[in-house]
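Dear colleague,

Please find below the structure that I am handing over to you. My findings follow directly after it.

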Amino acid sequence: MTALKELQATDELEQIWQESMENPVLLFKHSTTCPISAGAFKEYQSFLESASGDLYGYMVKVIESRNVSNKIADETNIKHESPQIFLIKNKKVLWNTSHSKITAGSIREALEQV
């Protein structure tokens, strides 16, 4: 099982980039008011519950922590969507997707490519 940590401050993003040098990092952007995001978040949680320990899992609530969400879009140069998930390794986004394409299976497949 991989623990899920919530990011609430922009300075916490540097930790993600550093951790990605050791192990893959999953970063999920979640809208707490959207039913599609709620479904995607359940898929993400389901994946993390079955994942090995060699992975870091993070989540950003896009409404409550808009500055963090915006900084992710700026630093990755990937247009903001929510829900949205990123797979980061060696300080690079290797994969990202959004909305109903976020499933435990799609996350697993992306990690198999790393």
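Leaving aside neighbours within four places in sequence, Ile 102 is in contact (heavy atoms within 4.5 Å) with Phe 28, Ala 40, Glu 43, Pro 83, Gln 84, Ile 85, Thr 97 and Ile 107. Ile 102 lies in the loop between strand E5 (92-98) and helix H4 (104-112). Its relative accessibility is 2%, so Ile 102 counts as buried (under 20% relative accessible area; exposed is over 50% and partly exposed in between, with a 1.4 Å probe and protein chains only).

Please note that this is a predicted model, in which local features need pLDDT of at least 70 and side-chain atom pairs count only at pLDDT 80 or more, while totals for chains, interfaces and linings use all residues. Residues are numbered from 1 along each chain as its sequence is written, and side-chain values use heavy atoms, without hydrogens and water.

As to the chain as a whole, it has 4 helices and 5 strands (DSSP runs numbered from the N terminus: helices are H or I of at least four residues, strands E of at least two). Their order from the N terminus is β-α-β-α-β-α-β-β-α. The C-alpha trace spans about 30 × 30 × 20 Å along its principal axes. Of the 114 residues, 46% count as buried. Among contacts between residues at least 6 apart in sequence, 67% join residues at least 24 apart.

Yours sincerely
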